[in-house]
Amino acid sequence: MTAPVNKIIPFSAVDGFGNRTAIFLQGCNQDCLYCHNPETIHLCGGCGACVAACPVGALSQERPGGPVSYDFEKCVNCDTCIRTCRQFSSPKIRNLEPQELFEQVRPFFPFTDGITTSGGECGLYLDFLTEFYRLVKAAGKTTYMDTNGQVPLAGREEFLAVTDKAMIDLKAGTEEDHIALTGRGLSAAVENIRLTARLGKLYEIRTVVVPELVDNRETVRLGASLIAPYPEVRYKLIRFRRYGVRESFSSTKEPSGELMEELKALALAGGVKEVLVT
Ligand code: SF4
Ligand code: SF4
């Protein structure tokens, strides 16, 4: 069993409690308009266009349509491959077994509190994560999942047993807004927030604030109502930034400081104990 690993950031202070190693898996089941990692959404289709475009020969393909191999050592991270790809997919993937991924992150353990898996959507690989988290926990480190909430966690007891905390996106407050923004409905994320909060496994919910795209006040009202009964759960309000988004979204307005403060006040008034604005 393998999962496509896009990137490993050895030390991160923004992916859960303390100092954590963040692991990004390739592939997502949503396509949010403002995605900040659009190169992680699609899995490579094997067309081969990027292989010829790579300036240092870090990509290869044994047969047309077959898998693209990536030489991590040769790559100079110019991202020509991603820009060449018609679906803006990254071929810079290593398909790793849980044990192989564990060996990659273990050297950082003396300096970290644990690992956080992200994406793309790491929830697409729950069986893989169950094995990987098991190894991490056996080594005495904590396991956090950063997720869009679109993969139901109900009934996944084995996975939940080895998951310390989840950080779940709440992207919109109404079904209509959620579909317009992400292409998918709201209910799976809401159910996952309810479930993990009830189990004491919800670290935070996260909303990216983009003015005029969705009804941000409605989103925050819903988020506050979901986590207010759980004072240990924080609400992170993330200011939309243009950096890293698709060209088509790069001139979108960023939210004002006043709007962020208004939304923070709304969450606090809704009973949330801790609201972070970033
Ligand atoms: S990012 Fe790496 S794999 Fe992609 S084109 Fe540049 S050198 Fe080649
Ligand atoms: S990453 Fe894109 S361009 Fe490269 S082989 Fe896969 S589908 Fe083709």
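## Basis of the description

The model is predicted: local features need pLDDT of at least 70 and side-chain atom pairs count only at pLDDT 80 or more, while totals for chains, interfaces and linings use all residues. Residues are numbered from 1 along each chain as its sequence is written, chains are lettered from A and ligands numbered from 1 in the order in which they are written, and side-chain values use heavy atoms, with hydrogens and water left out.

## The sheet

Nine strands form an open sheet with mixed pairing, in the order E5-E1-E2-E6-E7-E8-E9-E10-E11. Strands (E, at least two residues) and helices (H or I, at least four) are DSSP runs numbered from the N terminus, and two strands pair if DSSP finds at least two bridges between them. At the edges stand strand E5 (94-96) and strand E11 (275-277), each of which pairs on one side only. From one strand to the next the twist averages 30°; axes are lines fitted to C-alpha atoms, for helices over the stretch in contact, and angles run from 0 to 180 degrees between N-to-C directions.

## Strand E2

Six of the six residues of strand E2 (residues 20-25) are buried, so the strand is largely enclosed by the rest of the structure. Buried means under 20% relative accessible area, exposed over 50%, and partly exposed in between (1.4 Å probe, protein chains only). Arg20, Ala22 and Phe24 point one way from E2, whereas Thr21, Ile23 and Leu25 point the other way.

Strand E1 (residues 3-12) runs antiparallel to E2 and is joined to it by five bridges. Within this pairing, Ile8 stands opposite Ile23, and Ser12 has Arg20 as its bridge partner. E2 also pairs with strand E6 (residues 114-118), here in the parallel sense and over five bridges; Arg20 stands opposite Gly114 in E6.

Helix H8 (residues 216-227) has twelve residues, which at 1.5 Å a residue should span 16 Å; its end C-alpha atoms are 17 Å apart, which agrees. The expected span is 1.5 Å times one less than the number of residues. Asp215 caps the N-terminal end of H8, with a side-chain oxygen 3.2 Å from the backbone nitrogen of Arg217.

The buried residues of H8 include Asn216, Thr219, Val220 and Leu222. Their cover includes helix H7 (187-198), strand E9 (202-209), strand E10 (234-239) and helix H9 (257-269), where contact means heavy atoms within 4.5 Å. H8 lies across E9 and E10, running at about 160° to E10. H9 packs on the sheet and touches E9, E10 and E11, its direction making about 165° with that of E10.

## Salt bridges

The whole structure holds 15 salt bridges, each a side-chain nitrogen of Lys or Arg within 4 Å of a carboxyl oxygen of Asp or Glu. One of them joins Asp164 and Lys137, with the closest N and O atoms 2.9 Å apart. This pair links distant parts of the chain, 27 residues apart: Asp164 is in the loop between helix H5 (157-161) and strand E8 (165-169), and Lys137 is in helix H4 (residues 126-138). Asp164 is partly exposed, at 22% relative accessible area, and Lys137 is partly exposed at 31%.

Asp146 and Arg206 also meet in a salt bridge (2.9 Å, N to O). Asp146 lies in strand E7 (residues 142-147) and Arg206 in strand E9, so the pair ties together parts that are 60 residues apart in sequence. Asp146 is buried at 10% relative accessible area, and Arg206 is buried at 9%. Salt bridges that share partners join Asp146, Glu204, Arg206, Arg234 and Lys236 into one network.

Notes:
Polar contact = N/O pair within 3.5 Å; in protein donor to acceptor, adjacent residues only side chain to side chain.
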